Amino acid sequence: MVRFVQLYHPLPDHARWRHAEQYSRDLLQTTEEVDESSSTTLHHVFICRRTHPSHCLGIFHGENPLNCSFNIILFDLVLMILITTMLRLLLKPLKQPRIVSEIIAGIFVGPSVLGQSKKLTEQVLPDNAQFVVANLGAIGFAYFLFVTSVETDFSVLRKVGKKHVYSAVIGVFFPITTVCIVAHCFKSSIHGNLAKPVGIGSVASSVSVTVFPVIYLILKELRLLSSEVGRMAMATAMVSDVMGIILVFAFVAVKHGQHSGADAVWFMISVIVLMAFAIIVIRSVLLWVVDKTPEGKPVDRSYVVLILLGVLVITFFSDMFGLVFLHASLLLGIVMPDGPPLGATMVQRSRTIVMELLMPFTFAILGLNVDVFAMANYGWSNLEPLFAMVIAGYLSKLIATSAVALFFGVPFKESFTLGLMMNLRGLYEVTIFLKWLDEGILETPTYTLMLLLTTLMTGTCSALICFIYDPTKQYMTNKRRTIQHTPPGTELSILVGIHDEECVAGLINLLETSHPTMTSPFAVYAIHLFELVGRAFPVFIDHDKPERPPKYINYKKIHNALKLYQKPRSEYVKLRSYTVATVKRTMHQDICDLALTYKATLILLPFCNKRLDNLAGSEIVRHVYGMQSINSRVLANSPCSIGILVDKGYTHNPIAMQYYHQLFFRRCVILFLGGADSREALAYADRMATNPEVSLTAIRFLSYNSIGDDEMEKKLDDGVVTWFWVKNEGNSRVAYREVVVRNGEETLAAIQALDNDTNELWIVGRKQGINQVLLEGLSKLSENPELGVIGDYVASTDFGSTASVLVVHQQIMRG
């Protein structure tokens, strides 16, 4: 099959840096001029080119699979995904975000690396395949903007403080001024459209404006969303983003105005009409969809499909009316109601397809326009002005943002980290470079330099942020915050983490078993952890303040249950409750921050589990929401002691929550295997022993002939056990026994012998300081390291006990 197509003329080596479209126009103009001498004007030049069939018969028919267009596109997609994955694995130890590896992967398939082989390029990325890749990349970027803007909540702007506004404003205008000054100094060396005010303004805006979705994605990857500096950076980026949108529209209007003032007017009218239509009509329809969706249910699939189709429709009309088509998808995402049900559903249904299947084409087309050899041939004298403007812009933004933060009392390290965060760049900025390349503001060498400098700046800032700023260091305290070291008769500060409604009954029962009294009061700080979906900015709600939480956060049942528990005990139980909506990977920071703020002695966390009763001998199955990873991170960073409760009572008594204020664990057994965690567990159990309704059995495990004992740990254990026994010697509800074992098998046998239907709570230390002889041969049995070997066994279905389990971990001194 053959067809007539417009002539494709490869760029000669001396002109490789010139834009292909402009070069083709020059070539056509030259052809016309030549033909004028022969009284013939040639308006179109055609050649015959063999097209690629969509599918091939197969290699067994002697056909090359890469001669088929469908196989070429599939091969390009797989190649981009494989290169990106390998680069992410290689760059991860260097603390590089995903965007860096994706840009480098795009450069790898371009003329700078693989493109050096013409034969390979003709096979893998022929001219017509590049056309398809470019359009798929544009569609992918449109959906990327839609998904990221859905998560953006501009209502946060009402809550930003002065330091965020000043940081954003000064952090935008100071770099712009600096870039303009540098450009003036190099005005004799700047050539082409880059020397015009539009070109200088483009470079200045790219280094001065920080885009919120970019900051959000990178900080999420670096696990800094819930950190103090991370929140400050996102609030500042939100203000900066608004300024950036205004600057972009102003830039496009000026660009239109270069040809005619009427064009600029019509452009602004089109923008206003589009925004009005989106805010008034589209948002009203979307809110109607939310109202039609039953509470707690996902949005109907047909609505999801129509909205995703609407992204393409509004992008088409935006481009048809001369607007920047990408801003239409951005606007549609902004007017989308954030959070569940609609915003969360759209993000969950589309993120994977967009990020993993469409975005590789976007990075491929970015890399296909990068040519480091053309940049080298362009000459340093031509690149020096642009290099100076970009570097000066980034440095001035770093200095300006850091100086404003210092002025508002932010420590130097945090201020400098904030400046680095505001210099992070991502897909939005590099795609704008491609737009400038199409409009002739940049040429291939200058585009290549801008992309490389942006990638280098993002990679450098990310590595420096991880090296300089560690939000967990503040949890490294040298003050003892444990139950064991809390003097009797003082207030015990407890932070309770709640994941869902099922956790509440067991945690309240444990608090009641702990026996708060007038002489030993409790200060309870409850934090309800809510996974953030469909929204980028974390939500922190203090229920003691008159703040209206988002509608999609269902907190009333848990909050009311806690208040119902506290109300009759208000004289000796203080309660303050919070709700936090954030991503799972940073939830532990919110827990530790609150524990540090209120100087908590103990953090109580639920072990959210689902039991498969129909599988004999099955172990505890991890909760589908992955809350155990949160517990592990809290254990690694906590500024105080921790208790993890495996509550089995709620599973067997679904209506327990209705009567939780009458329930507590009446028969408790503590397994004392020695070490710091066991000593903390015994100190906690001693508080329970003061409850007149609770009976306690303490079992101490000793190794045969003291084999494997650590002398210091043994002395500390003896002291705590002796104190416990002397204090409770006259208490008829407390029993103490000692068991001598030779290995882990005998330890488990002794624990199994203690099990009976009357036990309601097992208390065990996690793992610190335990004589390993007592656990010999048991390490392979543990599947949940956050519970320790013994805690995991007692909580498992293999053990067969219906009693709940409390695993105690004593604070580790890190200061």
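The following is a short exchange about selected residues and contacts in a predicted model.

Visitor: Why is Thr 582 called buried?
Guide: Its relative accessibility is 0%, and buried means under 20%. Thr 582 therefore counts as buried.

Visitor: Where is Thr 582, and which residues does Thr 582 touch?
Guide: Thr 582 is in strand β6, residues 573–582. Leaving aside residues up to four places away in sequence, Thr 582 touches Ser 226, Phe 530, Glu 531, Leu 532, Pro 538, Met 587 and Asp 590.

Visitor: What makes the pair Thr 582 and Thr 586 a polar contact?
Guide: The two side chains are joined at 3.2 Å, and the cut-off for such a pair of N or O atoms is within 3.5 Å. The pair therefore counts as a polar contact.

Visitor: What makes Asp 542 and Arg 576 a salt bridge?
Guide: The N to O distance between their side chains is 2.7 Å, and a salt bridge needs a nitrogen of Lys or Arg within 4 Å of a carboxyl oxygen of Asp or Glu.

Visitor: Are Asp 542 and Arg 576 buried or partly exposed?
Guide: Asp 542 has 6% relative accessibility and so counts as buried. Arg 576 has 26%, which lies between the limits of 20% and 50%, so Arg 576 counts as partly exposed.

Visitor: How do you know that Arg 679 and Glu 713 form a salt bridge?
Guide: Their side chains meet at 2.9 Å, N to O, and the limit is within 4 Å. Arg 679 is in helix α24 (residues 676–689) and Glu 713 in helix α25, so this pair ties together parts that are 34 residues apart in sequence.

Visitor: Why is the pair Lys 435 and Glu 439 called a salt bridge?
Guide: The N to O distance is 3.6 Å, and the definition asks for within 4 Å, so the pair qualifies. Lys 435 has a relative accessible area of 36% and is partly exposed. Glu 439 is at 28% relative accessibility, so this residue also counts as partly exposed.

Visitor: How many salt bridges does a search of the whole structure find, and which residues are linked in a network?
Guide: The search finds 15 salt bridges. Arg 98, Glu 102 and Glu 356 are linked in a network of them.

Visitor: Which residues make the nonpolar surface patch?
Guide: The patch covers about 870 Å² and is made by Ile 139, Leu 306, Leu 309, Leu 312, Val 313, Phe 316, Phe 317, Met 320 and Phe 321. Helix α11 (residues 301–320) gives the most, with 7 residues.

Visitor: Why is Val 410 called buried?
Guide: Val 410 has 9% relative accessibility; under 20% is buried, so the term applies. Val 410 lies in the loop between α15 (380–407) and α16 (412–421). Val 410 and Lys 163 are 247 residues apart in sequence and 9.7 Å apart in space, C-alpha to C-alpha.

Visitor: How do you know that β11 and β12 pair?
Guide: They share 6 bridges in the parallel sense, and pairing requires at least two. The strands therefore count as paired. Val 669 stands opposite Thr 697 in β12. Strand β11 (residues 667–672) is mostly covered, with 5 of its 6 residues buried.

Methods: Residues numbered from 1 in each chain as written. Predicted model: local features only at pLDDT ≥ 70, side-chain atom pairs only at ≥ 80, totals over all residues. Heavy atoms only, no water. Patch = residues over 30% accessible without salt bridge, like charges linked within 9 Å, V, L, I, M, F, W, Y side chains within 5 Å. Areas by Shrake-Rupley, 256 points an atom, 1.4 Å probe, with all protein chains shown as cover. Helix = DSSP H or I, 4+ residues; strand = E, 2+ residues; numbered from the N terminus. Buried < 20%, exposed > 50% of the residue type's maximum accessible area, 1.4 Å probe, protein only. Polar contact = N/O pair within 3.5 Å; in protein donor to acceptor, adjacent residues only side chain to side chain. Contact = heavy atoms within 4.5 Å.
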